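Subject: Structure handover and findings

Dear colleague,

Please find the structure below, together with its sequence. My notes on what was found in it follow directly after.

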Amino acid sequence: VQLQASGGGLVQAGESLRLSCKASGDYVGFNAMAWYRQAPGAQRDLVAGITRSGMTIENASIKSRISISRENAENTVYLQVDSLKPEDTGVYYCASDEAADYSKDFKYWGRGTQVTVSS
């Protein structure tokens, strides 16, 4: 199972970014797909998650600026982040699991994509 994230980079504060993550491999699950963020020196936190049926969960601290979506046929999940702030800087990881239990670590993880927001 592979999760390939893309779309990160260096952006200016106030700009928007769209991250993509495609899941592939010999696996019929990918029910829950989620984005996590790890800021420098901080723990990894959930940004948003979405199930195959479209049920979503978003981190309350950033909810007004994000949108998570997915294309089930492509096993691809997207994360749109608007009005980026320097504190959004970090490595964004894509994760997937059969169960949408965000209280536990997901089974599959991608390598992450770096997002750096300059002021």
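Val 81 has a relative accessible area of 2%, and because the cut-off for burial is under 20%, Val 81 counts as buried. The model is a predicted one, and the values in this message are computed from it. Val 81 belongs to strand E8. Setting aside residues up to four places away in sequence, Val 81 touches Glu 15, Ser 16, Leu 17, Ile 62, Arg 65, Ile 66 and Asp 88. By contrast, Tyr 102 is 21 residues from Val 81 in sequence, and the two C-alpha atoms are 20 Å apart in space.

Asp 88 is found in the loop between strand E8 (76–81) and strand E9 (90–97). Its relative accessibility is 1%, so this aspartate counts as buried. Beyond its neighbours within four places in sequence, Asp 88 is in contact with two arginines, Arg 37 and Arg 65, and also with Ile 62, Val 81, Ser 83, Val 115 and Val 117.

Ser 83 sits in the loop between E8 and E9. Its phi is near 45 degrees, a positive value in a residue other than glycine. At 41% relative accessibility, Ser 83 is classed as partly exposed. A positive phi, of about 50 degrees, also occurs at Asn 75, which is not a glycine either. Asn 75 is placed in the loop between E7 and E8.

Turning to the sheet, four strands form an open arrangement in the order E1-E3-E8-E7, with antiparallel pairing. E1 and E7 are the edge strands and have a single partner each, so one side of each lacks a neighbour in the sheet. On average, and with direction ignored, neighbouring strands here are turned by 15 degrees against each other. E1 and E3 are joined in the antiparallel sense by five bridges, and Ala 5 has Cys 21 in E3 as its bridge partner. E7 and E8 pair, again in the antiparallel sense, over six bridges; Arg 70 stands opposite Val 77 in E8.

As general background, nonpolar side chains in soluble globular proteins tend to be buried together. In this model the largest nonpolar core has 24 residues. Trp 35, Val 47, Val 77 and Leu 79 have the most contacts inside this core. At least two core residues are supplied by each of strand E1 (2–6), strand E3 (17–24), strand E4 (32–38), strand E5 (44–51), strand E7 (66–71), E8, E9 and strand E11 (113–118). E3 gives the largest share, four residues. Another core, of seven residues, lies apart from this one and includes Ala 32, Tyr 36, Tyr 93 and Ala 95.

Which residues form the aromatic cluster? Its members are Tyr 36, Tyr 102, Phe 106 and Trp 109. The structure holds three aromatic pairs. One of them joins Tyr 36 and Trp 109 in a tilted geometry, with 4.9 Å centre to centre and 55 degrees between the planes. This pair links distant parts of the chain, since Tyr 36 lies in strand E4 and Trp 109 in strand E10 (residues 108–109), 73 residues apart.

Arg 44 meets two aromatic rings. Its charged end sits over the ring of Trp 109, 3.8 Å from the centre. The charged end of Arg 44 also sits over the ring of Tyr 93, at 5.2 Å from the centre. Trp 109 thus takes part both in the tilted pair with Tyr 36 and in the arrangement with Arg 44, and Tyr 93 is in turn one of the residues of the seven-residue core.

With kind regards

Notes. Residues are numbered from 1 along each chain as its sequence is written. This is a predicted model: local features need pLDDT of at least 70, side-chain atom pairs count only at pLDDT 80 or more; totals for chains, interfaces and linings use all residues. Side-chain values use heavy atoms; hydrogens and water are left out. Buried means under 20% relative accessible area, exposed over 50%, partly exposed in between (1.4 Å probe, protein chains only). Contact means heavy atoms within 4.5 Å. A nonpolar core is a set of buried Ala, Val, Leu, Ile, Met, Phe, Trp, Tyr and Cys residues joined through side-chain atoms within 4.5 Å. Rings of Phe, Tyr and Trp (its six-membered ring) pair if their centres lie within 6.5 Å; planes under 30 degrees apart count as stacked, over 60 as edge-to-face and the rest as tilted. A charge sits over a ring if NZ of Lys or CZ of Arg is within 6 Å of the ring centre and within 35 degrees of the ring normal. Two strands pair if DSSP finds at least two bridges between them. Axes are lines fitted to C-alpha atoms, for helices over the stretch in contact, and angles run from 0 to 180 degrees between N-to-C directions.
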